[in-house]
Amino acid sequence: MATAIHGHLHKRRRVCSAAVPVAVAPIDSLADELLFLVLDRVAAADPRALKSFALASRACHAAESRHRRVLRPYRADLLRAALARYPTAVRLDLTLCPRVPGAALAALSSAPMPSLRAVDLSRSRGFGAPGLAALVAACPGLADLDLSNGVDLGDAAAAELARARGLQRLCLSRCKPMTDMGLGCIAVGCPDLRELTLNWCLGITDLGVQLLALKCKKLRTLNLSYTMISKDCLPAIMKLPNLEVLALAGCVGIDDDALGGLENECSKSLRVLDLLTCRNVTHTGVSSVVKAVPNLLELNLSYCCNVTPSLGKCFQMLPRLQTLKLEGCKIMADGLKYIGISCVSLRELSLSKCSGVTDTDLSFVVSRLKNLLKLDITCNRNITDVSLAAITSSCPSLISLRMESCSHFSSEGLRLIGKRCCHLEELDITDSDLDDEGLKALSGCSKLSVLKIGICMRISDEGLIHIGKSCPELRDIDLYRSGGISDEGVTQIAQGCPMLESINLSYCTEITDVSLASLSKCAKLNTLEIRGCPSVSSAGLSEIAIGCRLLAELDVKKCFAINDVGMLFLSQFSHSLRQINLSYCSVTDIGLLSLSSICGLQNMTIVHLAGITPNGLMAALMVSGGLTRVKLHAAFRSMMPPHMLKVVEARGCAFQWIDKPFKVEQERCDIWQQQSRDVLVR
């Protein structure tokens, strides 16, 4: 009987289980396109949340694996495992690995990555030609490779790069051992190159560049800045049919004679030309080159030649010119006048640190440039409200205005900016006479995303409140040494600007932990500078660590109340931290060791930390495998074992030894401002 009942119940269970449909996990029913849209949203809000998503289920784990396109490993020894975990990744960013040994790249040869198209090794050392050979062999689709700062990479490495025939973008900045022989290998092996950067490759000469121009006809961008080229290679460069961007900054071999030979050459494709610090070039050479590039859109002559009427007149041959950079140039009489006459299509003009700029000339030039969008007049100390009135009335469509240290502008003149230039997105009026009424006027610029108002002694919370209420798109604000700012103003900025990414409150001595607590609600904050704020403590820093998970740069120098507790919170929550300044804080060996657990930490400044011992410092340095730069007091150099310092240096870390006396006292903001102006005047 019992057996019959048991059989009957078993049969009923089978029928019921067959009748009830098995629930399908919702994640499995979504198409990859929809699922990836969800993951894109998750990553935008908090990239670390993707890890939590992957741990939810096997389906989530597989979906996250298929979705990831960019890899940024902390350790080179995990490279092979990371690539196996994410087989569809298209970009490999190794900038968080200061040392990538050749063995780590050689391990890739056993697991080919056909989907990988871009690799960034610009901050990594430890590999050579064998490692690059393995990388090229494992990535047949490689199209973008950044080897900047490869100071040990020479012709042998270039020969291996030549095997990457599909390469389209290659950056070899500061690969100083490379010569024309290596460049020739690349030119022959990589005919599809579109963009090549060779700045500071001191072994490159005209011969290599000529061969490059002969073989790589698809080049669109070529950077030869600070190389030893001369006039002999310029005709070959100008014959490149698709060249759009040419950078010759700091090339001492480029002079009027070199540019004069281009008069009979014509490059209709060239759009951008950079002659920054080519001090052997005068208006004669510039006149020659503009004849050869009639379709030029951007020209950089910063620190190059005097701006004379003859130079201004030659720009008439560039009717489409939109960007002109003249930073650090000497403006001669009527030089600006002829620029205003000749360059009516300009959208961007830089006169930063130029000497000889007057109200008359600047007023005239802006009156002609009705379509100007960006203007930089930084450190032009001879212009007054006359220029400011002309700028704001003639260029109401400005989106960027930089005028740091223009000390003759009055508070009344500065108010014109907010009243007339309501489309501004970037404004720098550091070290000016701005007051609260000026900030109230600036609140009309509702699209502001960058606002730099440091060393403005007359602003207070009252003016800052207007900005917080009216500029919701603000992402970067600089309040350096603006002593009238306190918690009330910072709180209003934090509440009204949810997109805030960077804030500088250094030497705003009235702020406390209340400000940090309010800023902790800005989830996108990645840069926080609060040096010289003695009233903030580890309590406020812990709020930042918990709320701002994207924090990458932190400066707490001379925040004496910040101690090991703050470091413990940073080690627990701030896994994105890359740079920190702890000088003069109350941090001990315990706090320093806790920071060493942050895998991505690359840059530390730890000068005058009374609680640090040589043993504790050495232990922290040995544990922190990702460090690339450390600033220390010179007194520690003799206290630490030389062989251990060499081990840390061999991993890619550079030490900077500082020999500064211990100084706690801080100058008042107004005294510091006057001293800085006196230095500039001298």
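Modeller: Happy to! One term before we start: axes are lines fitted to C-alpha atoms, for helices over the stretch in contact, and angles run from 0 to 180 degrees between N-to-C directions. Also keep in mind that this is a predicted model.

Biologist: Good to know. At what angle do helix 3 and helix 5 pack?

Modeller: Helix 3, residues 32–45, packs against helix 5 at an angle of about 80°, and their axes are 10 Å apart. Angles of 65 to 115 degrees count as roughly perpendicular, and helix 3 and helix 5 are therefore roughly perpendicular to each other.

Biologist: Which residues meet there?

Modeller: From helix 3 you have Asp32, Leu35, Phe36, Leu39 and Asp40, and they meet Ala63, Glu64, Arg66 and His67 of helix 5. Sorted by class, that contact has 4 nonpolar, 1 polar and 4 charged residues.

Biologist: Thanks. And how do helix 10 and helix 11 pack?

Modeller: Helix 10 (residues 180–189) and helix 11 (residues 206–215) have an angle of about 0° between them, with axes 8 Å apart. That makes helix 10 roughly parallel to helix 11.

Biologist: What does each helix bring to the contact?

Modeller: Helix 10 brings Asp180, Leu183, Gly184, Ala187 and Val188, while helix 11 brings Leu207, Gly208, Val209, Leu211, Leu212 and Lys215. The contact of helix 10 with helix 11 divides into 7 nonpolar, 2 polar and 2 charged residues.

Biologist: Then there's helix 16 and helix 17. What's the angle there?

Modeller: About 5°, for helix 16 (residues 335–342) against helix 17 (residues 359–368), and the axes are 8 Å apart. That makes helix 16 roughly parallel to helix 17. On the helix 16 side are Leu336, Lys337, Ile339, Gly340 and Ile341, which meet Asp361, Leu362, Phe364, Val365 and Arg368 in helix 17. In that contact of helix 16 with helix 17, the residues divide into 6 nonpolar, 1 polar and 3 charged.

Biologist: Changing topic: how many salt bridges does the structure hold?

Modeller: The structure holds 18 salt bridges. One of them pairs Asp257 with Lys231, with the closest N and O atoms 2.9 Å apart.

Biologist: Where do Asp257 and Lys231 lie?

Modeller: Asp257 lies in helix 13 (residues 256–260) and Lys231 in the loop between strand 7 (221–223) and helix 12 (234–238), so this pair ties together parts that are 26 residues apart in sequence.

Biologist: What about cavities, how many does the search find?

Modeller: Searching the whole structure finds 3 cavities of 30 Å³ or more. The largest cavity has a volume of about 60 Å³, and its lining residues include Ser124, Arg125, Phe127, Asn149 and Asp152. That lining divides into 3 nonpolar, 4 polar and 2 charged residues.

Biologist: And which residues line the second largest cavity?

Modeller: Those are Leu234, Met238, Leu246, Leu248, Leu259, Leu262, Leu273 and Val289. This second largest cavity has a volume of about 40 Å³, and its lining has 8 nonpolar residues, no polar and no charged.

How values were computed:
Residues are numbered from 1 along each chain as its sequence is written. This is a predicted model: local features need pLDDT of at least 70, side-chain atom pairs count only at pLDDT 80 or more; totals for chains, interfaces and linings use all residues. Side-chain values use heavy atoms; hydrogens and water are left out. On a 1 Å grid over the protein atoms alone, a cavity is a set of points where a 1.4 Å probe fits but cannot get out, and a pocket is an open set with protein on both sides within 12 Å along at least five of seven lines; lining residues have an atom within 4 Å of a point. Grid points are joined across faces, edges and corners, and a volume is the space filled by probe spheres set on the points. Ala, Val, Leu, Ile, Met, Phe, Trp, Tyr, Cys and Pro count as nonpolar, Asp, Glu, Lys and Arg as charged, and the others, Gly among them, as polar. Helices (H or I, at least four residues) and strands (E, at least two) are DSSP runs, numbered from the N terminus. Angles under 35 degrees count as roughly parallel, over 145 as roughly antiparallel, 65 to 115 as roughly perpendicular and the rest as oblique. Contact means heavy atoms within 4.5 Å. A salt bridge is a side-chain nitrogen of Lys or Arg within 4 Å of a carboxyl oxygen of Asp or Glu.
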